[in-house]
Amino acid sequence: MSKYKSWNNYPKVKHSDVEYFSQKEKLIFNENNYIAHGLGRSYGDVCLNDLGNIVVTTKYNKIYEIDTNNGVLNCESGVSIKDVLNAIASTGWFLPVVAGTRNITIGGAIANDIHGKNHHKVGSFGNFVISFQLLRSNGEIINCSEVENQDFFKATIGGMGLTGIITSVQMKLKKIESEFMEVKTQRYDSLKHYFEINEEAERSSDYTVSWVDCLLKNKAGIRGVYHSANHANKNNLSKKKERDFKITFPITPPFSFVNNLSMKIINEVYYRVNQNTNKKIQHVKPFFFPLDVIDNWGRAYGRKGFLQYQFVVPNKNARETMQRVLEEIKLNNQIPALGVLKTFGEIESKGYMSFPRKGLTLALDFRIRDLTTFKFLDRLDKIVIENEGSLYPAKDARMSSNT
């Protein structure tokens, strides 16, 4: 089995050949099929090509220019968000949209049109892409923007690598005063309570997100911790930088450390630790990328791996959908890990196949037990589709062609 795999260790595939894309080596396509592979943080199979070929882009990772006067980044597609932020944050700039990990490439962020905690204010990652160069399978490199090769531009943003390999990128940056955040934390005990907090928080905060516990015996069947934040100004802030502290999960065990008992304990601890606070100063790293502290944390799910299930439904159907999803989770008797609940805003994505749209989105991790896990998720698909929702294809590894 290839060492190039998805973050969730599923599905397990064999690649016929692995090519490495760099400035020194010109990539020559043959009649076989190819797909781009970056840092392998995708949940699902978007960077996999079973019995086919992959092109690893991580050697194509130069930052050409950071225009600090106009806030524009020019770079190669294989550079990571981590390296970009390390280069720009101290100069007063930040990426306008970041995912829950820094360990993804800029090209991957475009191909999956990632969304962040500020979707309600700015939309998704692709909205800040000015232009990119795209290597097609015939060897041609084309320039893509909203005015040049517009169809390729819109098909590549959120297109999961199906249009070619992104080579270089030009994109807008966000001006910030410091590398710290002002964070407010509020606990909620029902979906109704969540929406009440969310309505006010989305008006006053650039970033909002909530952790959610989906398997409770209380009447509402849900509780959570809501975090809202803005970039802090530079006044009265410590100049001490946050150090990169990392714990490594060393091996993939034959069994899963993630089970109902461990999740009950983790959920309870997380809820109790996160007391209501009006203003907490926090560095950008733990606020945006808390799981990056544990290197290879996906190994905790064992050799069978896990599946992340993320959907979005219109706000008008949110309560009904959530109730039915919670009922299915309880019937399945599997406590999900890393539940994230958020509302998307009205700003439309530029990509034809982009996932974010106005509504409520829920992301849950489920360890793969056996075939029952897949049947359970098929039932969730039915609920989501019946309520005019859709799944995030960039995180999927098992939905049917009909879905």
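Modeller: Start with the second largest pocket, whose lining divides into four nonpolar, eleven polar and seven charged residues. Here Ala, Val, Leu, Ile, Met, Phe, Trp, Tyr, Cys and Pro count as nonpolar, Asp, Glu, Lys and Arg as charged, and the others, Gly among them, as polar. This is a predicted model: local features need pLDDT of at least 70, side-chain atom pairs count only at pLDDT 80 or more, and totals for chains, interfaces and linings use all residues. Residues are numbered from 1 along each chain as its sequence is written, and side-chain values use heavy atoms, with hydrogens and water left out.

Colleague: Which residues lie nearest the centre of the second largest pocket?

Modeller: First the terms: on a 1 Å grid over the protein atoms alone, a cavity is a set of points where a 1.4 Å probe fits but cannot get out, and a pocket is an open set with protein on both sides within 12 Å along at least five of seven lines; lining residues have an atom within 4 Å of a point. In this pocket, Lys5, Trp7, Gly40, Arg41 and Asn296 lie nearest the centre, out of 22 lining residues. Its volume is about 430 Å³, where a volume is the space filled by probe spheres set on the points, and grid points are joined across faces, edges and corners.

Colleague: How many cavities of 30 Å³ or more does the structure hold?

Modeller: Three. The largest cavity has about 90 Å³ of space, and strand 17 (residues 306-313) gives the most to its lining, with four residues. Helices (H or I, at least four residues) and strands (E, at least two) are DSSP runs, numbered from the N terminus.

Colleague: Which residues of helix 1 are buried?

Modeller: Buried means under 20% relative accessible area, exposed over 50%, partly exposed in between (1.4 Å probe, protein chains only). In helix 1 (residues 81-88), these are Ile81, Val84, Leu85 and Ile88. Seen down the helix axis, they fall within an arc of 95 degrees, so they line one face of helix 1; the arc is that of the directions from the axis to the C-beta atoms.

Colleague: How many disulfides does a search of the whole structure find?

Modeller: A disulfide is a covalent bond between the sulfur atoms of two cysteines; the test is a pair of cysteine sulfur atoms within 2.5 Å. The search finds zero. For Cys47, the nearest cysteine sulfur, that of Cys75, is 19 Å away. Cys47 is buried at 5% relative accessible area, and Cys214 is buried at 2%.
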